Amino acid sequence: YLDCGLMDITVHTNASVSCWVKLDVLSQEQQFLGCHNNKRFYFGISSTNKPFLGVADQYSEDGSALSVSTGQWNHYALVADGGTATYYFNGSSVHTMSYTQSSATNPDNPFLVGARNDGGTGAVSISNPTNGCIDEVALWDTALSADDVAKIASKPLNLSKASTYATDRASN
């Protein structure tokens, strides 16, 4: 996992995250990125391949199982727009959830890529690591539109050209 340090993500206004993930193993809960404690902002895939997400004061594992295969890159995104969180898979909305709490971060719990920190203040306790590869992680301080997410997911994943993409908010 990658520890990105402490981040103040305030989702009562707006926030979005996205990443490409290639899983090596299915049938286990895997968190792609985010922070967790009494305030949340994270998402991943459950042991039954269903989307799971936590935003502010709410957690959800619901919806239909995602069509995920090992060794295949898929695009995932989580958009929080000040009361509704939307989980996207390969550019399509697959689950939504309402939340009410104003801030989704705990100032003593780091933002992680590839795992979840369940530790309390100043403690680290890693759980639900991603068993595979994660790339092109992006975090925005705005709620991306469904069109933005679809545009990002439609870009061919070509890691050799990552530094040459345009710099608009919906490019790789």
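The following dialogue examines how terms are applied to this predicted model.

Student: Why is F52 called buried?

Tutor: Buried means under 20% relative accessible area, exposed means over 50%, and partly exposed lies in between (1.4 Å probe, protein chains only). The value for F52 is 0%, so F52 is buried. Y59 has 36%, and is therefore partly exposed. Of the 172 residues of the protein, 45% count as buried.

Student: Why is the aromatic pair of F52 and Y59 called tilted?

Tutor: Rings of Phe, Tyr and Trp (its six-membered ring) pair if their centres lie within 6.5 Å; planes under 30 degrees apart count as stacked, over 60 as edge-to-face and the rest as tilted. A search of the whole structure finds eight aromatic pairs. In the pair of F52 and Y59, the centres are 6.3 Å apart and the planes form 40°, so the pair is tilted.

Student: How do you know that Y76 and F89 form a tilted pair, and where do they lie?

Tutor: Their distance is 5.3 Å centre to centre and the angle between the planes is 55°, so this pair is also tilted. Y76 is in strand 7 (residues 73–80) and F89 is in strand 8 (residues 84–89), 13 residues apart. Both Y76 and F89 are buried. Ring pairs link F32, F43, Y76, Y87 and F89 into a cluster.

Student: What makes a set of residues a nonpolar core?

Tutor: Such a core is a set of buried Ala, Val, Leu, Ile, Met, Phe, Trp, Tyr and Cys residues joined through side-chain atoms within 4.5 Å. The largest nonpolar core has 26 residues, of which F32, F41, F43, V55 and Y76 touch the most other members. Its largest share, five residues, comes from strand 2. Apart from it lies another core of seven residues, including A77 and W140.

Student: Why does S60 count as buried, and what does its side chain contact?

Tutor: S60, in strand 6 (residues 58–61), has 11% relative accessibility and therefore counts as buried. A polar contact is a pair of N or O atoms within 3.5 Å; within protein, one must be able to donate a hydrogen and the other to accept it, and residues adjacent in sequence count only if both atoms are side-chain atoms. The side chains of S60 and H95 make a polar contact at 2.7 Å.

Student: How do you know that strand 3 and strand 10 pair?

Tutor: Two strands pair if DSSP finds at least two bridges between them. Two bridges join strand 3 to strand 10 (residues 112–113), so these antiparallel strands pair. L33 stands opposite V113 in strand 10. Six strands form an open sheet in the order 1-10-3-4-5-6, with antiparallel pairing.

Student: Why is strand 6 called an edge strand?

Tutor: Strand 1 (2–3) and strand 6 are the edge strands, and each pairs on one side only.

Note on methods: Residues numbered from 1 in each chain as written. Predicted model: local features only at pLDDT ≥ 70, side-chain atom pairs only at ≥ 80, totals over all residues. Heavy atoms only, no water. Helix = DSSP H or I, 4+ residues; strand = E, 2+ residues; numbered from the N terminus.
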